[in-house]
Amino acid sequence: MNQAKAYDAADDGTFERECRSLLRHSGDWAPQAGPLVVVAPHPKDDVLGAGGLVHSWARAGHAVTVVSVTDGEATDVSRADRRLIRRAELRAALRRLSLLHIEVRSLGVPNGKVRDHQNRLRLVLEELVREPVTLIAPFEHDGHPDHEATSQVTLEIARRNGVPIARYPIWTWHHTNPSSVQALSWGLFRLGTAAQRAKARALQCFDSQLSPLRRIPILSAQMPANFERPFEAFVL
Ligand SMILES: [Zn+2]
């Protein structure tokens, strides 16, 4: 989720309260029974956007595949091995979401360049949708070029193959306004205590996104509030 536009660090949580209030009236949603494919532009987007769903779905015995498009390697440019570090973090996070195996397809697309490498993603998704899967992708207007390019390719594959798709916002929660939230069609996947706890523990695996000196998350301290909800909200 790196390299996105800045959001208002002075936000006192009012917007999050408004979002929760608006979303409260949305209907519940769950994927169709069967395999789930979660497409993420950067490691951690998958956990932030759909970690609770991944936990619940794997626990219910369904196959889950995570397509990790880039390795988010621009986060810490001082480390030559950052690509490997972030892949290892993702695998550790997924193990915290589920003890059952979750398949990871790391595509190795350069961070920030998803638009230039859309075919790599297209080919993998075309192969995965031969099964009756549900696709989970970032929201197509998420305000980050990698998120939007990833979403557009996944939407294209879903529409061409008649595959159900739901989209998770990440940066949208920080640059949108209540009327935009209200204008979208939402489905809420409810998270039980175990799913919320697994998601929180999984998010702790992304250590390389902490400031090495101060151990402070590069993301604002308020960022997690959007991802500590007792539900995950998907655009349908
Ligand atoms: Zn991202």
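Me: In this predicted model, how do I read whether strand β8 is covered or open?
Reply: Count the buried residues. Strand β8 spans residues 231–235 and is mostly covered. Of its 5 residues, 5 are buried.

Me: Which residues of β8 point one way, and which the other way?
Reply: Take the two sets in turn. Phe231, Ala233 and Val235 point one way from β8. Glu232 and Phe234 point the other way. All of these residues are buried.

Me: Which strand is joined to β8, and by how many bridges?
Reply: Look for bridges. Strand β7, residues 186–190, is joined to β8 by 5 bridges. The two strands run antiparallel.

Me: Which residue stands opposite Ala233?
Reply: Leu188 does. Ala233 itself is in β8.

Me: Where is Pro132 placed?
Reply: Pro132 is in the loop between α4 (118–128) and β5 (134–138).

Me: How far apart are Pro132 and Gly34, in sequence and in space?
Reply: Read both distances. In sequence, Pro132 and Gly34 are 98 residues apart. In space, they are 7.0 Å apart, C-alpha to C-alpha.

Me: What about the protein chain: how many helices and strands are there?
Reply: There are 8 helices and 8 strands. The protein chain has 236 residues, and 41% of them are buried. Then check the contacts. Take those between residues at least 6 apart in sequence: 82% join residues at least 24 apart.

How values were computed. Residues are numbered from 1 along each chain as its sequence is written. This is a predicted model: local features need pLDDT of at least 70, side-chain atom pairs count only at pLDDT 80 or more; totals for chains, interfaces and linings use all residues. A residue is buried if 20 or more other C-beta atoms lie within 10 Å of its own, exposed if 12 or fewer, and partly exposed in between; C-beta atoms are placed from the backbone. Helices (H or I, at least four residues) and strands (E, at least two) are DSSP runs, numbered from the N terminus. Two strands pair if DSSP finds at least two bridges between them. Two residues are in contact if their C-beta atoms, placed from the backbone, lie within 7 Å.
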